[in-house]
Amino acid sequence: MKPQNIIPMLAYENGIAAIEWLCKAFGFVENKEMRFMEGNMVTHAELILNDNVIMLATPSADYESINTHRLHCERINKWLNNNPYIADGLLVYVDNVEAHYANAKENNAEILSEIEDGFPAKRYRCADIEGHRWMFMQKS
């Protein structure tokens with residue numbers, strides 16, 4: 001595996017649920033040797049997809065996910081509602097965007113845009129179980 005120069009680090013309220021969902025819905029595989037816990041809180045975990053790593057953790061008991069924050073913050077809803085674009089999100093290349101889309105949708109990803117075909121490649125956008133935004137694009 002070639003080392004990455006940039007590794008995304010994401011925060012989740014419920015790290016365990018996020019790990020399970022990201023693996024099931026998006027096809028990540030957890031590197032179980034790199035999961036560290038403090039009580040029932042994930043302090044570090046690593047997920048792999050296509051030889052690329054993302055890290056995730058729950059930064060503190062006070063951390064609030066995007067979706068939880070949306071419940072009481074009108075301002076965040078203004079910039080996220082009806083906006084399919086990826087603001088502070090991740091772009092991930094996959095081999096088959098249609099199959100990926102179908103699996104994400106089947107696992108209740110919030111679909112922000114249907115599959116689009118055009119420059120720069122076939123793609124779709126969605127949000128995960130805590131509101132992080134993702135764009136999945138088919139490899140050329």
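Predicted model: local features only at pLDDT ≥ 70, side-chain atom pairs only at ≥ 80, totals over all residues.

Reply: Four helices and nine strands make up the secondary structure of the chain, and their order along the sequence is β-α-β-β-β-β-α-α-β-α-β-β-β. The radius of gyration is 15 Å, close to the 14 Å that the globule rule gives for 140 residues, so the chain is as compact as a globular protein of that length. Of the 140 residues, 41% are buried, and among contacts with a separation of 6 or more, 55% are between residues 24 or more positions apart.

Against that background, Tyr-12 sits in the loop between β1 (9–11) and α1 (15–26). Tyr-12 has a relative accessible area of 0%, and because buried means under 20%, Tyr-12 counts as buried.

Setting aside neighbours within four places in sequence, the residues in contact with Tyr-12 include Ala-18 and Leu-22, both of which have numbers that fall in α1 (15–26). Further along the sequence, Tyr-12 is also in contact with Leu-56, Ala-57, Thr-58, Pro-59 and Tyr-63, and the C-alpha atom of Glu-64, 52 residues away along the chain, is separated from that of Tyr-12 by 7.8 Å. Another set of contacts of Tyr-12 includes Asp-128, Glu-130, His-132 and Trp-134. With one of these, Asp-128, the side chain of Tyr-12 forms a polar contact of 2.5 Å.

Methods: Residues numbered from 1 in each chain as written. Heavy atoms only, no water. Helix = DSSP H or I, 4+ residues; strand = E, 2+ residues; numbered from the N terminus. Rg over C-alpha atoms; globule rule 2.2 N^0.38 Å. Buried < 20%, exposed > 50% of the residue type's maximum accessible area, 1.4 Å probe, protein only. Contact = heavy atoms within 4.5 Å. Polar contact = N/O pair within 3.5 Å; in protein donor to acceptor, adjacent residues only side chain to side chain.
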